[in-house]
Amino acid sequence: MSLSSRERDYRARGFDRCHFYMPKLIIDGLEVEVPEGTNVLEAAKKLGIVIPHFCYHSAMGAVGACRLCAMKFVEGPVKGVQVSCMIKAQDGMVVETADPDAMRARRMVIEWLMTNHPHDCPVCDEGGMCLLQDYTIAGGHGIRRYKGKKRTYISQYLGEFIEQEMNRCIQCYRCHRFYRDYAGGDDFGTKRIANQTFFGRFKDGWLTSEFAGNLADVCPTGVFTDRTYHFKARPWELETAPSICPHCSLGCNLVPGAKLRELMVIKARENLKVNGWFICDRGRFGYGFASRHDRPRKFVVNGQERSRNEAVETAARIIADTAAKYGPGSVALVGSPRTSQENNFALKKLAALLNTGNICFFADPSRERKERRAASHINSGNRRSLMDVASSDFIIAVGTDPVNEAPMLALMMRQAALKGARIAVIDPRPVKLPFDFTHIPARPEEFAEKLTGILNEAAGDFKNPLIICGTDIPGIDAIDACSEAAGRLNCGLFYTLSAANSFGAALLAGEGPDFEGILSGMEGGAIRALIALESDPLGRYFGEERASRALKKLDSLIVMDYLPTETVDATNVLFPTTAYAEMDGIFINNEGRAQGFSRAYIPGIPVNHMGPKLKPPELHPPREFSSEVPGQSFPAWEYLGDIAREMGLDCCEMETLSAIRASLSHDPRFAAIAGLYPESEGALITAGPVDRLQAYGPFPAGEKPDAGEGLKPVDRLLLYAVDLTFGTEEISAYSDKTGLRAPEPYVMINTEDAVALGLEDGEPVNVSSGDISVACVLKTSASCAGGAAFAPRLTGSDAAALSGKTVKITGARG
């Protein structure tokens with residue numbers, strides 16, 4: 001291809017074409033300069049000129065399947081009416097979008113696409129947000145001339161997440177390209193040919209990809225829609241706001257939609273620094289917790305419903321009396337990595353006003369120690385965003401199972417793999433990913449050695465290497481080894497953490513004890529009152545029985561939460577709080593990116609839950625007017641400010657959300673949040689060194705694996721409680737829809753270990769250690785590391801209580 005004079009000039013001066021050459025073209029009389037490789041459709045969008053298109057998607061590129069984005073190329077190397085998504089912008093091009101020939105071509109394409117489309121817009125869930133509706137009108141097609149018989153299909157059942165109506169299909173191929181090409185799914189694709197093309201499975205059944213929900217977003221018509229949202233509302237009826245996913249530490253951007261106080265639907269929101277255009281199914285369908293019938297909606301004091309003022313007065317009196325009788329240190333406070341940064345900061349402010357140092361932000365002390373260490377290693381030199389993962393050419397993942405712990409990480413790793421990246425995973429679990437990779441099934445104590453071996457072999461061979469490290473199975477030695485290797489080789493560093501605001505919680509942790517220390521204080525009687533802010537020590541602490549005994553020794557337990565947790569059931573004073581979609585706040589994700597989110601709707605009992613046959617029946621129909629919302633809850637920081645004021649403490653920095661943020665931004669680490677707004681790409685935070693940190697290996701409470709005297713090694717396996725995509729994450733575990741994808745309790749071990757124990761795959765077994773015994777099903781895998789056992793942290797399962805312990809696995813049939 002001949003070079004333009006401007007490009008020849010760049011090359012003559014020795015400039016790198018990839019970084020400096022940007023072609024200029026004219027579209028509808030407006031000049032635009034775009035990066036090399038940009039197609040003309042995108043160039044027009046940059047000018048604000050929107051041309052109808054179906055098959056083109058920014059994430060997946062162009063295939064020219066729909067032919068709708070036709071433009072007239074008047075001057076330049078290309079002439080005539082052309083499909084603009086398939087033409088790269090070049091110098092000298094003059095393009096007309098409103099040329100009569102181009103408009104006629106678009107009108108004809110729309111008419112062809114509508115030939116078989118049903119007239120079912122009034123009953124289609126896509127109605128009101130349908131590209132086909134919009135572009136049909138924009139293309140000038142208003143009267144159907146075709147009188148022949150329409151092509152029809154029998155739609156498939158694709159599970160409880162996605163609804164299919166194939167008769168609406170315009171064969172743009174977006175679904176196939178996303179599911180198979182972009183996401184790596186293998187149970188969905190294209191069947192038949194030409195006008196009979198069908199997109200689906202070989203037979204009915206659940207779509208197995210963890211990203212299947214994105215079909216509802218990429219489909220430009222109503223072929224694939226959100227089944228959980230079916231026939232609930234129209235788009236214009238929804239209350240929406242920009243928000244952040246609370247279900248892992250990646251901080252994916254999304255838009256929640258609610259109607260009549262019920263959270264009904266979640267859609268992906270574009271952020272090219274984080275999740276790009278998509279989200280995982282846990283983030284999309286894990287919203288059911290917000291509208292549960294048993295969600296805390298009332299202020300409760302000693303088992304009796306009370307008003308907000310009464311709850312505040314009681315809590316303030318309990319705290320004041322306890323501190324006066326036993327000293328300020330007798331009051332302890334526990335925050336949470338799943339609550340907002342403002343809530344945790346207000347809790348820390350209250351602790352300072354009470355003059356107590358007994359405050360922590362994790363109910364799991366092992367995760368606190370490791371996640372604080374991980375956060376301290378992130379800096380401007382090694383920090384990598386989620387989207388940066390897709391640009392890496394060499395990735396080593398240490399002690400992490402991306403699909404189960406942070407699903408969107410797996411999707412970005414796949415994009416890197418598609419570009420030719422070499423990827424290795426060092427993990428004892430049978431990790432499965434939607435691309436080819438090298439799996440090294442090593443135990444946690446072997447992570448550092450295996451990492452060094454791979455890096456020594458591949459050092460210097462790659463331009464954009466990246467080390468990914470988990471914080472669940474790895475110990476601090478592995479976390480430090482990853483940081484040291486990243487510094488030595490000048491490569492990126494990416495840690496996966498446990499919750500949406502783990503990074504922020506880690507930064508707020510001070511010199512006081514971790515939850516282990518607070519628990520010891522409760523057991524010894526030094527701590528008499530505990531405030532738990534969206535924290536569930538009874539359900540999330542790995543020694544549940546110990547936590548239960550310790551909490552029973554308290555004089556008072558004050559809980560603020562929106563989930564019906566075990567700790568909520570044990571409380572003396574309960575404050576119902578707001579979920580993420582019901583409040584303004586900030587989460588700081590795993591890379592240290594602070595992102596704001598806004599309230600989508602006012603929380604309260606959904607109108608759909610109020611009726612003669614539902615509880616509370618007395619509220620429907622309404623018999624009197626009131627300014628109060630039934631079951632309304634408020635952000636935890638409001639309650640903390642109320643308690644401080646009731647106690648007569650100087651709490652001006654807790655009066656409003658803006659006051660809390662202003663006070664928070666006085667800390668140099670958080671200065672960047674001052675100008676943060678919800679629809680921005682976020683502000684980067686750096687943790688700095690960790691002051692208080694105990695050495696911590698892969699075994700809780702210093703326990704080491706012990707084969708036992710006279711026992712075969714397989715008689716004592718070290719058990720790890722692990723996360724799954726569905727059923728283990730704390731918030732989505734309370735969602736009815738994602739619960740459908742959660743498995744029954746199981747334990748997984750190496751195939752050879754199972755043979756040595758005389759056990760078979762699928763056999764019912766008992767997993768025991770000391771007085772604890774768990775009944776479940778055995779799964780085996782040749783990809784598991786030997787000498788280890790893995791059980792998911794399913795809600796209601798006792799597997800977490802066995803985490804880090806050596807266990808014995810025996811058959812249950814005999």
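Visitor: Under which value does pLDDT stay over residues 691-711, and how many contacts beyond four places in sequence does the model have for them?

Guide: This is a predicted model. Over residues 691-711 pLDDT stays under 50, and the model has 49 contacts beyond four places in sequence for this stretch. Where pLDDT is low, the predicted coordinates should not be read in detail.

Visitor: What does the model have for residues 13-18?

Guide: For residues 13-18 pLDDT also stays under 50. Here the model has six contacts beyond four places in sequence.

Visitor: What is the average pLDDT of the protein?

Guide: The average is 87, on a scale from 0 to 100. A score of at least 70 is reached by 92% of the residues.

Visitor: How many aromatic pairs are there?

Guide: The count is 21 aromatic pairs. One of them joins Phe-161 and Phe-285.

Visitor: What makes Phe-161 and Phe-285 an aromatic pair, and why is it called stacked?

Guide: The ring centres are 4.2 Å apart, and rings pair if their centres lie within 6.5 Å. The planes are 20° apart. Planes under 30 degrees apart count as stacked, so this pair is stacked.

Visitor: Where in the chain do Phe-161 and Phe-285 lie?

Guide: Phe-161 is in the loop between helix H5 (131-138) and strand E6 (162-164), whereas Phe-285 is in helix H8 (residues 281-285). The pair links distant parts of the chain, 124 residues apart.

Visitor: How do you know whether Phe-161 is buried or exposed?

Guide: Its relative accessibility is 4%. Buried means under 20%, so Phe-161 counts as buried. The same cut-off makes Phe-285 buried, with a relative accessible area of 1%.

Visitor: Why is the pair of Phe-178 and Phe-278 called tilted?

Guide: The planes of Phe-178 and Phe-278 are 50° apart, with 4.7 Å from centre to centre. Under 30 degrees is stacked and over 60 is edge-to-face; the angle here falls in the rest, so the pair is tilted. Phe-178 lies in helix H6 (residues 174-182) and Phe-278 in the loop between strand E13 (262-268) and H8, so the pair ties together parts 100 residues apart in sequence. Both Phe-178 and Phe-278 are buried.

Visitor: Which residues form one aromatic cluster with Phe-161?

Guide: The cluster consists of Phe-161, Trp-206, Phe-285 and Phe-726.

Visitor: How far is Arg-308 from the ring centre of Phe-634?

Guide: Arg-308 is 4.3 Å from the ring centre and lies over the face of Phe-634. In a second case, the charged end of Lys-779 sits over the ring of Tyr-746, 4.2 Å from its centre.

Visitor: Which residues stand opposite each other here?

Guide: Phe-587 stands opposite Gln-595 in E27, and Arg-593 stands opposite Leu-684 in E28. E26 and E27 form a hairpin with four residues between them, and Gly-592 in the turn has a positive phi of about 85°.

Visitor: Why is strand E27 called largely enclosed?

Guide: Five of the five residues of E27 (residues 593-597) are buried, so the strand is largely enclosed by the rest of the structure. Arg-593, Gln-595 and Phe-597 point one way, and Ala-594 and Gly-596 the other way. In a regular strand the side chains alternate between the two faces of the sheet.

Visitor: Which strands close into a barrel, and in what order?

Guide: Six strands close in the order E29-E33-E30-E32-E31-E34, with mixed pairing. Neighbouring strands of this sheet are turned by 45° against each other on average, direction ignored.

Visitor: How do you know that strand E30 pairs with strand E33?

Guide: Two bridges join E30 (residues 746-750) to E33 (residues 788-792). At least two are needed, so the strands pair. They run antiparallel, and Met-748 has Phe-790 in E33 as its bridge partner.

How values were computed
Residues numbered from 1 in each chain as written. Predicted model: local features only at pLDDT ≥ 70, side-chain atom pairs only at ≥ 80, totals over all residues. Heavy atoms only, no water. Phe/Tyr/Trp six-rings, centres within 6.5 Å; stacked < 30°, edge-to-face > 60°. Buried < 20%, exposed > 50% of the residue type's maximum accessible area, 1.4 Å probe, protein only. Lys NZ or Arg CZ within 6 Å of the ring centre and 35° of its normal. Axes fitted to C-alpha atoms, helices over the stretch in contact; angles between N-to-C directions. pLDDT = per-residue confidence, 0-100. Contact = heavy atoms within 4.5 Å.
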